[in-house]
Amino acid sequence: MGLVFTKWACAFLLCYYLITSEVYSVEGLHDGSKARDVNLGGWLVIEGWMIKPSLFGGTANGDMLDGTEVQFKSVTLHKYVSAENGGGMNVTVDRDVPSSWETFRLWRASESEFQFRTSEGQFLTCDGGGCSVSATAKSPSTSETYGIERNGKNRIHLKIKGGAYLQATTNGQLTADYPGAPGWDDNAATFEMTIVSNKLHGDYQLANAYGHGRAKDILRRHRNSFITIEDFKFLYKHGINTVRIPVGWWIAYDPDPPSPFIGGSLEALDNAFSWAQEYDIKCIIDLHAAPGSQNGMEHSASRDGFTGWPTSPDYISDSLYVIEFLVSRYARNPALLGIELLNEPSAATVSLDVLISYYKQGYQIVRKYSSSAYVIICQRIGVADPMELYQANIGSHNLVLDLHFYNLFDTFFNNMSAMDNIQYIYKSREGQLQALNNSNGPLILVGEWVNEWNVTNGSQKDYQDFARAQLDVYNAASFGWCYWTLKNDEKHWDFEWSIRNNYLQLGNSPSKRSLNILGLLGLACTWFCLLPFL
């Protein structure tokens with residue numbers, strides 16, 4: 001009798017452990033599963049590097065888009081144009097070697113007219129013929145707009161609106177008083193232009209380069225073809241149950257958003273929700289591009305690489321308006337899984353206090369319309385600890401922390417072998433996820449990861465092993481994971497290509513914890529069934 005009681009007691013305790021153990025599942029997904037998610041990047045928020053043929057191929061002066069960084073060198077003085085201290089005083093032509101003071105970011109006024117922003121944010125200005133150019137304007141208008149004439153790629157003339165050409169004087173000043181029209185010989189009005197960086201190819205650059213009419217036609221074709229219902233069919237076939245859809249802030253002002261942005265993304269998002277319902281896929285709407293830019297990158301629709309979002313109360317209020325617009329529109333849609341309040345705020349420019357305040361307000365807005373939609377907050381990118389958001393008391397229900405894991409974008413990964421990368425996943429990322437899962441805070445989403453690295457000449461098996469390691473570890477994230485991205489001109493970033501060509505093997509991908517618990521549950525059930533015979 002005592003032996004039977006002991007067996008019953010042990011079986012009861014085992015089942016109690018299984019019931020009370022933390023087995024993660026996501027409300028709204030079938031069968032107690034977690035998010036197996038793919039990003040629809042490059043669709044409603046443009047990232048030019050992802051898309052071929054290029055959407056920018058028809059732009060005049062296409063190497064001089066908004067945000068392009070340039071330097072000017074006088075061909076007579078052999079000195080660089082410089083904004084002393086990065087701006088705030090007169091411009092000189094007296095530097096032998098260029099650095100940040102001698103580097104200017106373009107604002108494109110037309111295909112041949114530009115404004116020049118200094119490293120500290122001021123604009124070059126000149127009041128008319130005969131003036132000396134200074135870097136003192138806080139915002140650009142006519143006096144800050146210059147025509148550029150090019151002779152090939154390198155030699156240029158700079159001309160003010162009134163018609164006078166700029167010249168480098170013998171005493172190292174930049175003045176608008178060159179007599180007549182200069183030729184292309186070595187004269188004081190001729191400069192050599194060096195394009196230092198031309199890395200921003202986002203929504204702002206596209207719309208401002210083409211103008212509203214052409215940009216609208218280009219984006220309409222892109223939005224209608226880049227992602228279609230066939231993509232949702234493909235994702236469903238391969239076991240994907242969620243999509244994360246990046247959107248820009250201008251979606252809330254569709255169909256006529258502020259210039260230069262182009263309407264039409266709201267209709268595309270509505271289509272995505274319809275397609276998702278047809279294939280039983282859930283949607284996360286991700287505010288990828290906030291007003292003023294939260295990180296200065298093209299995927300936040302930055303005009304020139306500056307981060308204006310955290311310093312402007314208006315930008316933050318506008319972002320909250322966008323969140324309210326989105327959640328009020330989709331809260332009752334059965335395909336909605338969650339709203340991500342902001343993608344990748346920069347740790348270098350977005351303070352933790354500003355971000356937490358915004359997240360708390362965003363959480364309350366979502367809860368005003370939905371008690372069940374997940375509210376997703378993104379970790380700051382750069383030097384930031386994800387634990388910093390755990391103590392913030394942002395919200396108490398269905399809160400998710402989004403982490404982005406790449407074995408890229410840091411010199412730390414540069415010389416790693418294939419095995420080094422795989423071991424890093426197991427030795428570093430696995431422990432980090434376990435610690436976060438056990439910290440009694442938000443659920444964890446690995447919201448961006450990719451089967452790519454800095455390994456050269458990796459074999460197919462190397463890529464399969466790297467993907468397997470990431471899936472093995474990221475499956476433990478309490479909310480799930482999300483691959484970046486469905487379609488990309490870079491093959492290994494392309495989820496569809498990776499699946500079709502067998503570089504990425506998903507399988508059923510249950511977490512090891514789930515397997516262990518299922519096994520124990522089976523053992524417990526077997527024990528109960530056998531007890532009457534013991």
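My notes on it follow, grouped by topic.

**Ground rules**

I am working from a predicted model, where local features need pLDDT of at least 70, side-chain atom pairs count only at pLDDT 80 or more, and totals for chains, interfaces and linings use all residues. I number residues from 1 along each chain as its sequence is written, and side-chain values use heavy atoms, with hydrogens and water left out.

**Whole chain**

I get eleven helices and 20 strands in the chain; helices (H or I, at least four residues) and strands (E, at least two) are DSSP runs, numbered from the N terminus. Along its principal axes the C-alpha trace spans about 110 × 50 × 40 Å.

Of the 534 residues, 55% are buried. My cut-offs: buried is under 20% relative accessible area, exposed is over 50%, and partly exposed is in between, with a 1.4 Å probe and protein chains only. The exposed surface comes to about 22900 Å², and carbon and sulfur atoms supply 51% of that; the areas come from the Shrake-Rupley method with a 1.4 Å probe, and for residues only the protein chains shown count as cover.

I also looked at contacts, meaning heavy atoms within 4.5 Å. Among those between residues at least 6 apart in sequence, 70% join residues at least 24 apart.

**Cysteines**

How many disulfides does a search of the whole structure find? I found one, taking a disulfide as a pair of cysteine sulfur atoms within 2.5 Å. The pair is cysteine 126 and cysteine 131, with sulfur atoms 1.5 Å apart. The torsion about their S-S bond is about -75°, so I noted the disulfide as left-handed. Cysteine 126 is buried at 4% relative accessibility, and cysteine 131 is buried too, at 13%.

Cysteine 482 is in no disulfide either. Cysteine 283 is buried at 0% relative accessibility, and cysteine 482 also comes out at 0%.

**Strand S16 and its partners**

I next went to S16 (residues 336–340), where five of its five residues are buried. Strands pair if DSSP finds at least two bridges between them. The chain gets from S15 to S16 through helix H6 (residues 313–330), in a right-handed β-α-β crossover. Right-handed here means that, with the strands pointing away from the viewer, the path from the first strand over the helix to the second runs clockwise.

S16 also pairs with S17 (residues 374–378), in the parallel sense over three bridges. Glutamate 340 has isoleucine 376 in S17 as its bridge partner. Helix H7 (residues 352–369) carries the chain from S16 to S17, again as a right-handed β-α-β crossover.

I checked the length of H7: its 18 residues should span 26 Å at 1.5 Å a residue, and the end C-alpha atoms are 26 Å apart, which agrees. The expected span is 1.5 Å times one less than the number of residues. The buried residues of H7 include Leu355, Tyr359 and Ile365. They pack against S15, H6, S16, S17 and strand S18 (399–404).

Alanine 331 sits in the loop between H6 and S16. Apart from neighbours within four places in sequence, it contacts Leu336, Tyr369 and Ser370.

Which peptide bonds are cis? I noted aspartate 254 to proline 255, with omega near 10°, and serine 259 to proline 260, with omega near 5°. Proline 255 lies in the loop between S14 and H5, and proline 260 lies in the loop between S14 and H5 too.

Asparagine 61 has a positive phi, near 50°, and is partly exposed at 24%. Asparagine 85 has a positive phi of about 65° and is partly exposed at 44%.
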